[in-house]
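Please have the sequence and the 3D view open as you read.

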Amino acid sequence: MSTHISEPVPAAGSLKRVTVPAVRARKGGTPLVMLTAYTARTAELLDPHCDILLVGDSLAQVIYGLPSTVPVTLEMMCAHGAAVVRGAAHSLVVIDMPFGSYEMSKEQAFANAARILKETGAAAVKLEGGAAMAETIAFLGARGVPVMAHVGLTPQAVNALGGYGARGRSAAEADKIVGDAQAVAAAGAFAIVIEGVVEPIAVAITESVACPTIGIGASARCDGQVLVAEDMLGLFTQTARFVKAYGTMAAGIDTAAARYAADVRARVFPGLEQTYQPKN
Ligand code: KIV
């Protein structure tokens, strides 16, 4: 059987969608593969290779050129979330709850999480925060909203943290992050993203919670890994230390755009193949 180069392998349509219980059951097993996706076509391309696609609020910087995730709205998350669900047939789709949409009360969190699940068709939400969010996570879980938690470097708190540096360099901060993870796990989070922490913290969390941990700038000993897809693909030249680029997307776009511009200026494009000629 020949395989066309642009076809996902295996074809997404042949795969069953990953569920929340299936993710939970991967604790200590084959590492979970998670990438961000914000558009239908990107989701379609990444889907066969992933267990989880995260519609991250990092779309703030990647898609909208915003300086942080703080300005992201529910409307943005719902629009991009629905696009990703349409593009992905296999991966569990998880959608970030934006800053300001869940912190005020557990009732506010439920109303907005329910809206996200209804409008996108996704199966779960992610929210940032540790012990302070435990009651909310339990409230959502008891009402049919699976929650992925996010501890360590929590980008929505950039104004309080003062930057995006690694967390947990002091013993007190390390203890706080481990305690946060244990609190959200006890509250029923089905998985925990651990971002930007010194490695022993990620190991201590992974060894002490029953749900899978998913690292980003954390440790290879987490139960899975996540990266922003555009970082992984090499779209950005300046990235965090924890990013590894597996592609050269920026160079590819630059070369293609330069070739297109040259062809347009030389009147080589459009050629005969790209124009409609009168039928004889
Ligand atoms: O918004 C995002 O992309 C994230 C991941 C980096 C974990 O939260």
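Let us begin with M148, which touches M34, I52, V94, V125, K126, L127, F190, A191, V193 and I214, not counting residues up to four places away in sequence; contact here means heavy atoms within 4.5 Å. This is a predicted model, in which local features need pLDDT of at least 70 and side-chain atom pairs count only at pLDDT 80 or more, while totals for chains, interfaces and linings use all residues. Residues are numbered from 1 along each chain as its sequence is written, and side-chain values use heavy atoms, with hydrogens and water left out.

**M148 and its strand**

- M148 sits in strand β5; helices (H or I, at least four residues) and strands (E, at least two) are DSSP runs, numbered from the N terminus.
- M148 counts as buried because its relative accessibility is 0%, where buried means under 20% relative accessible area, exposed over 50%, and partly exposed in between (1.4 Å probe, protein chains only).
- Between the C-alpha atoms of M148 and D96 there are 9.0 Å, although the two are 52 residues apart along the chain.

**Helix α9 and what it packs against**

- Which residues of helix α9 (residues 199-208) are buried? They are I201, A202, V203, I205 and T206.
- These buried residues of α9 pack against β5 (147-152), α8 (171-186), β6 (191-195) and β7 (213-216).

**The helix pair α4 and α5**

- Two packed helices are described by the angle between their axes and the distance between the axes.
- For helix α4 (residues 74-87) and helix α5 (residues 106-120), the axes come within 8 Å and cross at roughly 35°; axes are lines fitted to C-alpha atoms, for helices over the stretch in contact, and angles run from 0 to 180 degrees between N-to-C directions.
- The crossing of α4 and α5 is right-handed, a term used if the near helix is turned clockwise from the far one by less than a right angle, with left-handed being the anticlockwise case.
- On the α4 side, L74, E75, M77, C78, G81, A82 and V85 meet N112, R115, I116, E119 and T120 of α5.
- The residues of this contact of α4 with α5 divide into 6 nonpolar, 3 polar and 3 charged; Ala, Val, Leu, Ile, Met, Phe, Trp, Tyr, Cys and Pro count as nonpolar, Asp, Glu, Lys and Arg as charged, and the others, Gly among them, as polar.

**Two arginines in helices**

- R24 belongs to helix α1 (residues 20-24) and is partly exposed, with a relative accessible area of 38%.
- Leaving out residues up to four places away in sequence, R24 touches G188, A189, F190, C211 and P212.
- R24 and A210 lie 186 residues apart along the chain, and 8.6 Å separate their C-alpha atoms.
- R41 is placed in helix α2 (residues 40-46), where a relative accessibility of 47% makes R41 partly exposed.

**Two buried loop residues**

- Is T69 buried or exposed? T69 is buried, because its relative accessible area is 3%.
- T69 is placed in the loop between α3 (59-62) and α4, and beyond its neighbours within four places in sequence, T69 is in contact with D57, S58, A60, Q61, P155 and Q156.
- A187 is in the loop between α8 and β6 and counts as buried at 17% relative accessibility.
- A187 touches A134, I137 and A138, not counting residues up to four places away in sequence.
- A187 and A114 are 73 residues apart in sequence, with 19 Å from C-alpha to C-alpha.

**Backbone points after α11**

- Most residues other than glycine have a negative phi, and most peptide bonds are trans.
- R267, in the segment after α11, has a positive phi of about 55° although it is not a glycine.
- R267 counts as exposed because its relative accessibility is 77%.
- The peptide bond from F269 to P270 is cis, with omega near 0°, and P270 lies in the segment after α11 (249-265).

**A charge over a ring**

- R143 lies over the face of F139, at 3.6 Å from the ring centre; a charge sits over a ring if NZ of Lys or CZ of Arg is within 6 Å of the ring centre and within 35 degrees of the ring normal.
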